[in-house]
Amino acid sequence: MAEDYFEYRHTVGFEETNLVGNVYYVNYLRWQGRCRELFLQQKAPDVLAEVQGDLKLFTLKVDCEFFAEITAFDELSIRMRLSELGQTQLEFTFDYVKVTGGAQVLVARGRQRIACMRGPNTDTVPSRVPEVLARALQPYAARGRALTGQVA
């Protein structure tokens, strides 16, 4: 059975931790961006061509809620799902799952709201979400599954 999320696997490095040894919060936001970029590269490369043209993907809002600490060399699965698709905006959710052996534990959950815009920097206007992007995201549309604590 295919998963309903796009996955970015990441091993935490020392440079991502603070003096206490746990992951510094800003890295969770960096991983959201990296997951989104890899999705575009792997699943929607035509959108990247549009971004090199006049399409702009503005991040309007980003958040992250933390449930457990992680440290250097923890293995993470960052799982992106489409939670909302509007005419000019979309929203993603991100589950940060620590993978240790066979166990999977949800350590954080985040969101990102993106607006599609077009035009020169001095005159950008809202634009419809490109059809190719909407199609690429369909397999990752959230289906209302709750994920708390242990992952099945």
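## Close-up views of a predicted protein model

The protein has an accessible surface of about 8600 Å², and 52% of that surface belongs to carbon and sulfur atoms. Accessible areas come from the Shrake-Rupley method with a 1.4 Å probe, and for residues only the protein chains shown count as cover. This is a predicted model, in which local features need pLDDT of at least 70, side-chain atom pairs count only at pLDDT 80 or more, and totals for chains, interfaces and linings use all residues. Residues are numbered from 1 along each chain as its sequence is written, and side-chain values use heavy atoms, with hydrogens and water left out.

View 1. Helices (H or I, at least four residues) and strands (E, at least two) are DSSP runs, numbered from the N terminus. Read from the N terminus on, the order of elements is β-α-α-β-β-β-β-β-α. The radius of gyration is 16 Å, close to the 15 Å that the globule rule gives for 152 residues, so the protein is as compact as a globular protein of that length. That radius is taken over C-alpha atoms; the rule is 2.2 Å times the number of residues to the power 0.38. The C-alpha trace spans about 45 × 40 × 25 Å along its principal axes. Of the 152 residues, 43% are buried. Buried means under 20% relative accessible area, exposed over 50%, and partly exposed in between (1.4 Å probe, protein chains only). Contact means heavy atoms within 4.5 Å. Among contacts between residues at least 6 apart in sequence, 68% join residues at least 24 apart.

**View 2. The charged side chains number 18 positive and 19 negative.** Lys and Arg count as positive, Asp and Glu as negative; His and the chain ends are not counted. Each charge is placed at NZ of Lys, CZ of Arg, CG of Asp or CD of Glu. The centres of the two sets lie 3 Å apart.

**View 3. The largest nonpolar core holds 32 residues.** Such a core is a set of buried Ala, Val, Leu, Ile, Met, Phe, Trp, Tyr and Cys residues joined through side-chain atoms within 4.5 Å. W31, F39 and L133 have the most contacts inside this core. Two or more residues come from each of β1 (6–11), α1 (26–43), β3 (75–85), β4 (89–100), β5 (103–118) and α3 (131–137). Helix α1 gives the most, with six residues. Leaving aside neighbours within four places in sequence, F39 is in contact with F6, A44, M80, L133, A136, L137 and Y140.

**View 4. K43 sits in helix α1.** K43 is partly exposed, at 41% relative accessibility. Beyond its neighbours within four places in sequence, K43 is in contact with F6, A136 and Y140, among others. R135 is 92 residues away from K43 along the chain, yet their C-alpha atoms are separated by 9.8 Å.

**View 5. F14 lies in the loop between β1 and α1.** F14 is exposed, with 58% relative accessibility. Not counting residues up to four places away in sequence, F14 touches A72 and F73. F14 and A72 are 58 residues apart in sequence, but 5.3 Å apart C-alpha to C-alpha. F73 is in the loop between β2 (55–66) and β3. F73 is exposed too, at 54% relative accessibility. Its phi is positive, about 75°, although F73 is not a glycine.

**View 6. E50 is part of helix α2 (residues 45–52).** E50 counts as partly exposed, at 24% relative accessibility. Residues up to four places away in sequence aside, E50 touches L55, R118, P130 and V132.

**View 7. P126 belongs to strand β6 (residues 125–126).** P126 is exposed, with a relative accessible area of 56%. Setting aside residues up to four places away in sequence, P126 touches T88, C116 and M117. P126 and T11 are 115 residues apart in sequence, and 37 Å apart in space, C-alpha to C-alpha.
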